[in-house]
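Please read them with the structure open.

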Amino acid sequence: MSETDPGFLAAVEEARQGFAEGGVPIGACLVSKDGKILGRGHNMRVQKGSATLHGEISALENSGRLPASAYAGATMYTTLSPCDMCTGACILYKIARVVVGENRTFVGGEDYLRARGVEVVVLENSECMELMARFITEKPNVWNEDIGEQ
């Protein structure tokens, strides 16, 4: 898993789009075991006034209704460590691998994913870190809301 994987590049592109729209810059992309992009998306909580539309949830939503077999061996690429909600969705659909752009800004359910047999790869991507740092500086209240903080 690397920063040049098409799934990761799509997730970063989604994060950039979210930032450009004024939203939280977290992107995600779900890729099948044979390398096909099943769905991609970005955090849309601000844009759609949603309580739950995080990047990973958006990618799953944009994948459409799929049989369980479509998730077997799949990889979820995400620009930021997944929160508990997104971690749970990855576990529910038995996604085999989660590739994280960065986890310095926020560490979500990585240990729980590993405990449930999911491979977790952290890339420590500088663009992901810089995008989140810029967003948090510009919109700290929106960031705190996104992660359930006061």
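1. β3 (75-80) and α8 (140-146) each give at least two residues to the lining of the largest cavity. Strands (E, at least two residues) and helices (H or I, at least four) are DSSP runs, numbered from the N terminus.

2. The model is predicted: local features need pLDDT of at least 70, side-chain atom pairs count only at pLDDT 80 or more, and totals for chains, interfaces and linings use all residues. Residues are numbered from 1 along each chain as its sequence is written, and side-chain values use heavy atoms, with hydrogens and water left out.

3. There are 2 cavities of 30 Å³ or more. A cavity is a set of points, on a 1 Å grid over the protein atoms alone, where a 1.4 Å probe fits but cannot get out; lining residues have an atom within 4 Å of a point. Points are joined across faces, edges and corners, and a volume is the space filled by probe spheres set on them.

4. The largest cavity has a volume of about 90 Å³. Its lining has 13 residues, of which Ile 26, His 54, Ser 81, Cys 83 and Asp 146 are the closest to the centre. By class, this lining holds 8 nonpolar, 3 polar and 2 charged residues. Nonpolar means Ala, Val, Leu, Ile, Met, Phe, Trp, Tyr, Cys and Pro; charged means Asp, Glu, Lys and Arg; the others, Gly among them, are polar.

5. The second largest cavity, of about 30 Å³, is lined by Val 12, Ala 15, Pro 25, Thr 79, Glu 127, Cys 128 and Leu 131. Two or more of these residues come from each of α1 (6-20) and α7 (126-138), and α7 gives the most, with 3 residues. This lining divides into 5 nonpolar, 1 polar and 1 charged.

Technical notes. On a 1 Å grid over the protein atoms alone, a cavity is a set of points where a 1.4 Å probe fits but cannot get out, and a pocket is an open set with protein on both sides within 12 Å along at least five of seven lines; lining residues have an atom within 4 Å of a point.
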